[in-house]
Amino acid sequence: MMETLWMIEPWHWLVLGFVLLIVEMFVPTFASLWFGAAAIIVAALSWLLPISISVQIIIWLVLSAIFLLAWFKFVKPLSVDRTEAGLGGSIIVGEIGMIIVQPQPNRAGMVRFSVPIVGAAEWMCRTRDEQVAVGDRVVVTDIVGNELIVSSMKAWAATNKNT
């Protein structure tokens with residue numbers, strides 16, 4: 001009776017591996033994925049080689065640990081989200097863009113950034129008593145609501161030079 005409890009066939013490992021892979025679809029933490037992959041490898045090894053159950057478990061634990069360490073050390077750092085979406089508006093202050101629609105005293109203009117900032121490449125903008133023309137490079141100095149307050153590069157450099 002006790003011998004049959006410890007009889008693990010290769011297909012048991014295969015089923016365990018696929019169950020863990022299916023669990024990963026519903027719990028996207030990338031934790032059960034590596035245990036499942038290790039179980040599938042142990043299933044293949046135990047079909048090819050006569051391996052005792054204790055060695056199979058050790059191989060499964062070692063492979064799981066190696067896969068987890070490799071994931072956290074090498075793969076996960078490559079998938080870090082580098083977008084700035086969701087961050088505070090202060091991330092935009094200091095960015096340099098180009099005017100594509102000239103701001104008027106009674107109408108907002110439009111500034112375009114070479115790289116999307118906080119999810120958008122074009123933003124509505126205004127100036128503080130300063131004239132800027134289409135094609136001028138401007139720097140974001142403040143944010144009011146959904147509009148950026150911009151200043152020409154010359155005026156901004158002169159202001160920062162004095163401080």
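Residues are described here as buried when their relative accessible area is under 20%, as exposed when it is over 50%, and as partly exposed in between, with a 1.4 Å probe and with protein chains only taken into account. The structure is a predicted model, in which local features need pLDDT of at least 70 and side-chain atom pairs count only at pLDDT 80 or more, whereas totals for chains, interfaces and linings use all residues. Residues are numbered from 1 along each chain as its sequence is written, and side-chain values use heavy atoms, with hydrogens and water left out.

The protein chain contains five helices and five strands, these elements being DSSP runs numbered from the N terminus (helices H or I, at least four residues; strands E, at least two). Their order along the sequence follows the pattern α-α-α-α-β-β-β-β-β-α. Of the 163 residues in the protein chain, 25% are buried. Contact is taken to mean heavy atoms within 4.5 Å, and among the contacts with a separation of 6 or more, 45% join residues 24 or more positions apart.

Three of the helices can be described together. Helix H2 (10-26) has 17 residues and reaches 25 Å from its first C-alpha to its last, close to the 24 Å expected at 1.5 Å a residue, where the expected span is 1.5 Å times one less than the number of residues. The buried residues of H2 are Pro10, Trp13, Gly17, Leu20 and Glu24. Because these residues cover an arc of only 90° around the axis, they lie on the same side of H2; the arc is that of the directions from the helix axis to the C-beta atoms. Met25 and Phe26, on the other side of H2, are exposed. The cover over the buried residues of H2 includes H3 and H4.

Helix H3 (residues 32-48) likewise spans 25 Å from first to last C-alpha, close to the expected 24 Å, with 17 residues. Its buried residues include Trp34, Ala38, Ala39 and Val42, and what covers the buried residues of H3 includes H2 and H4. Helix H4, with 23 residues, reaches 31 Å, close to the 33 Å expected. In H4, the buried residues are Gln56, Trp60, Leu63, Ser64 and Trp71, and they pack against H2 and H3. Ser64, for instance, counts as buried because its relative accessibility is 1%, and, residues up to four places away in sequence not being counted, Ser64 touches Trp34, Phe35 and Ala38.

The loop between H2 and H3 holds Ala31, which counts as partly exposed at 30% relative accessibility. Ala31 is in contact with Glu24 and Leu68 when neighbours within four places in sequence are left aside. Although Ala31 and Leu68 are 37 residues apart in sequence, their C-alpha atoms are 7.4 Å apart in space.

A nonpolar core is defined as a set of buried Ala, Val, Leu, Ile, Met, Phe, Trp, Tyr and Cys residues joined through side-chain atoms within 4.5 Å. The largest such core has twelve residues, among them Ile99, Val111, Trp123, Val132 and Val150. Two or more residues each are given to this core by strand S2 (109-117), strand S3 (120-127), strand S4 (137-144) and strand S5 (147-152), and the largest share, three residues, comes from S2. A second, separate core of seven residues includes Trp13, Ala39, Val42 and Leu63.

Around Val132, the contacts beyond four places in sequence are with Ile99, Gln102, Pro103, Thr127, Val138 and Ser152. Thr127, which lies in strand S3, touches Pro103, Val132 and Val150 under the exclusion of residues up to four places away in sequence. A polar atom of the Thr127 side chain lies 2.7 Å from the backbone oxygen of Glu130. Thr127 and Gln104 are 23 residues apart in sequence, with a C-alpha to C-alpha distance of 8.5 Å.

Asp129 is placed in the loop between S3 and S4 and counts as exposed, at 86% relative accessibility. Most residues other than glycine have a negative phi. Asp129, although not a glycine, has a positive phi of about 50°.

Methods. A polar contact is a pair of N or O atoms within 3.5 Å; within protein, one must be able to donate a hydrogen and the other to accept it, and residues adjacent in sequence count only if both atoms are side-chain atoms.
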